[in-house]
Amino acid sequence: MGGTMASLRTPAAPAAPEKPAPPRGTRLPAAARRRRRGENVAGFLFMSPWLAGFLLLTAGPMIASLYFAFTDYNLFDAPRWIGLDNFTEMFGDPRWRKSVEVTLWYVVVGTPLKLAAALGVALLLNQKRRGQAFYRAAFYAPSLIGASVSIAVVWKAIFSDDAIVDRTQRAVFGMDVGGWTGDPQWIIYSLIALTVWQFGAPMVIFLAGLKQVPRELYEAAEVDGAGTWRRFWNITLPMISPVLFFNVLLETIHSFQIFASAYIVGGGAGGNACGPADGSLVYTCYLYVQGFENSRMGLASAMAWMLLLAVALVTAVLFWSQKRWVHYEEASR
Amino acid sequence: MSSAARGPYARAAARRRRGAGSLAWHFGSLAVLAVVLYPVIWAIGGSFKPNEEIVGSLDLFPTEPIVANYAGLADGIADISITTFFSNSLFLAVGSVVGVLISCSLAAYAFARIRFAGRNLLFALMIGTLLLPYHVLLIPQYVLFQKMGLINTYTPLLLGKYLAVDAFFVFLMVQFMRNLPKELDEAARLDGCGHLRIYWSIVLPLCRPALITSAIFTFINSWNDFMGPLIYLNDPSKYTVSLGLKMFVDQEGVANYGGMIAMSLIALLPVLAFFLAFQRYLIDGMATSGLKG
């Protein structure tokens, strides 16, 4: 766990301490020079699949995508440079603004709820009792199947008109919205429920963090008369803040990229995959529609770059904010 | 203070307190479990119900179980047998696992065990791709594969796996390999082993847990993948289980909820089987690197 955190903080930090390489230009014995050249060749050979993938499937496409973002491109005619037109069209498009709104709402409501559920259940499970491993595995299972088309289909049925959620809502709150998946306002909450249901993955990470909090801290606090809430606030939370940071970062970035479940749950008859009145038009759904249904490759690339910028901005803000609330231990244990 | 020193009464009271606490704990955990398992149990019950009863009734289990929903699947979807979708998905999943195990472990070995020029820079780039949203690459990769005439083949879905594009697994393996004692390499070097021998005969066997975790996650991710096949495959006989299920949903609509749910459950079986067999590896892998399922 600690290793993960440290590497995320300082990505370039290499492995275990090694002998410092002699500075460039100094004359090395011939054998050492041969050895160093040998290491470079071996490193290059072992890295070659990754390097090819990086150039062909990551770096190259990113540059191409940046270029497409400033062109009109339908895949069959050559891309035509149109400057910032894609961006002006995007910002002026009410459907694009709607997709931003839907996605932000999904991220802002869904991620905290999911993490709260994950932390709450992790605190519940974090006791030495028989059956802990069983519950942990059972709660984790939805994270593995939650992104599948299968669960999206089941979800659509559970949240449809007259099904259990609709009936409960009518009986308990006297509200009849005709099933969440059929209502423009409510459909997004069925997707939020689906992401919260997958709280198991961050829960496992929280549990790993909770296990590393030294018992003595709690015992000392108890002697000082600190109650449960004080202990949670002053000991548990600061001690697991690196894990909390990691979960917030990962879950936020993932939330921005929701696609399959929205596409299936929102997909109705008539080929509209974005829910009633675009109620579940998440960002990547609209990107898919523009790119692959309307063949607007240039516009879709511009949209993708806006998504990248948004994710980069959120990541940067989170990394900047961690100075204020994330406590890393001084001495590495 | 040991419990013996407190006498039999105190011991009994402590046991009672512990018993009550344990009961409350199990009660709380079971309540969460009920919420978590509800959708799946509802789906299992629903797959044995006639269509009218699935949405209309609040009962978890059918009044009179029927197997028509499963039997109906034997006709296939749009004249294509279910087994075709399964063998397509299986081919892609196994192909992905092989690719990830080879390419990611090679890259990880270089990062963890070879001192070559530019290693730190490449490692930083690799970590950078960890957080990169896949959608930025979606359009240009599609354009690339389209120009190469590879649409409607499995190449776009597999190529990245053989080129170590899944940085998460590289990262997981690097973390693991760094913790192996350096003396092993040095001893092997003195015996005249090259990097390839050390990688194959020493490091890989010791990395088994990381390899197993990567393999299972790769299999499940490939099995669940929807966007990739949706974009690259257009011939229904090449469809994966996910796409077949989506086609089924579009075709049947609400008229055949039973069949859809039955098919959904069958599609989940391999993932659930992997989970039951390897849950330790999955959860430990998650806990050490925060992998997403």
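## A look around chains A and B

In chain B, the C-alpha centres of domain 1 and domain 2 lie 35 Å apart. This is a predicted model, where local features need pLDDT of at least 70 and side-chain atom pairs count only at pLDDT 80 or more, while totals for chains, interfaces and linings use all residues. Residues are numbered from 1 along each chain as its sequence is written, and chains are lettered from A and ligands numbered from 1 in the order in which they are written.

Let's stay with those two domains for a moment. Domain 1 of chain B covers 3–70 and domain 2 covers 80–289, with bounds that come from an automatic or database domain assignment. Where they touch, domain 1 of chain B brings 11 residues and domain 2 of chain B brings 8 residues. Here, two residues are in contact if their C-beta atoms, placed from the backbone, lie within 7 Å. On the domain 1 side, α1 (7–46), α2 (51–56) and α3 (68–71) of chain B each supply at least two residues. Helices like these are DSSP runs (H or I, at least four residues), as are strands (E, at least two), and they are numbered from the N terminus. That side of domain 1 of chain B splits into 6 nonpolar, 4 polar and 1 charged residues. For the classes, Ala, Val, Leu, Ile, Met, Phe, Trp, Tyr, Cys and Pro count as nonpolar, Asp, Glu, Lys and Arg as charged, and the others, Gly among them, as polar.

Now for chain A. Its secondary structure comes to 15 helices and 2 strands. Of the 333 residues of chain A, 41% count as buried. A residue is buried if 20 or more other C-beta atoms lie within 10 Å of its own, exposed if 12 or fewer, and partly exposed in between, with C-beta atoms placed from the backbone. Among the contacts in chain A with a separation of 6 or more, 70% come from residues 24 or more positions apart.

Helix α15 (residues 297–325) of chain A turns up in two helix pairs. One partner is helix α14 (residues 283–293) of chain A, and another is α6 of chain B. In the table, axes are lines fitted to C-alpha atoms, for helices over the stretch in contact, and angles run from 0 to 180 degrees between N-to-C directions.

| Helix pair | Angle | Axes apart |
|---|---|---|
| α14(A) and α15(A) | about 160 degrees | 8 Å |
| α15(A) and α6(B) | about 150 degrees | 7 Å |

The angle makes α15(A) roughly antiparallel to α6(B). Angles under 35 degrees count as roughly parallel, over 145 as roughly antiparallel, 65 to 115 as roughly perpendicular and the rest as oblique. Residues making this contact include A:Trp305 and A:Leu308 of α15(A), along with B:His135 and B:Val143 of α6(B). By class, the contact of α15(A) with α6(B) has 10 nonpolar, 2 polar and no charged residues.

Within chain A, α14(A) and α15(A) are also roughly antiparallel to each other. In that pair, A:Tyr283, A:Leu287, A:Gln290 and A:Gly291 of α14(A) meet residues of α15(A), including A:Met297 and A:Leu307.

Most residues other than glycine have a negative phi. B:Asn152, however, has a phi near 65 degrees, a positive value, and B:Ala164 has a positive one near 55 degrees. B:Asn152 sits in the loop between α6 (135–147) and α7 (155–162) of chain B, while B:Ala164 is in the loop between α7 and α8 (167–178) of chain B. Is each buried or partly exposed? B:Asn152 is partly exposed because 13 other C-beta atoms lie within 10 Å, whereas B:Ala164 counts as buried with 29 C-beta neighbours inside 10 Å.

B:Trp200 lies in helix α10 (residues 195–206) of chain B and is partly exposed, with 13 other C-beta atoms within 10 Å. B:Trp200 and B:Leu23 are 177 residues apart in sequence and 51 Å apart in space, C-alpha to C-alpha. B:Ile220, in helix α11 (residues 208–224) of chain B, counts as buried because it has 23 C-beta neighbours inside 10 Å.
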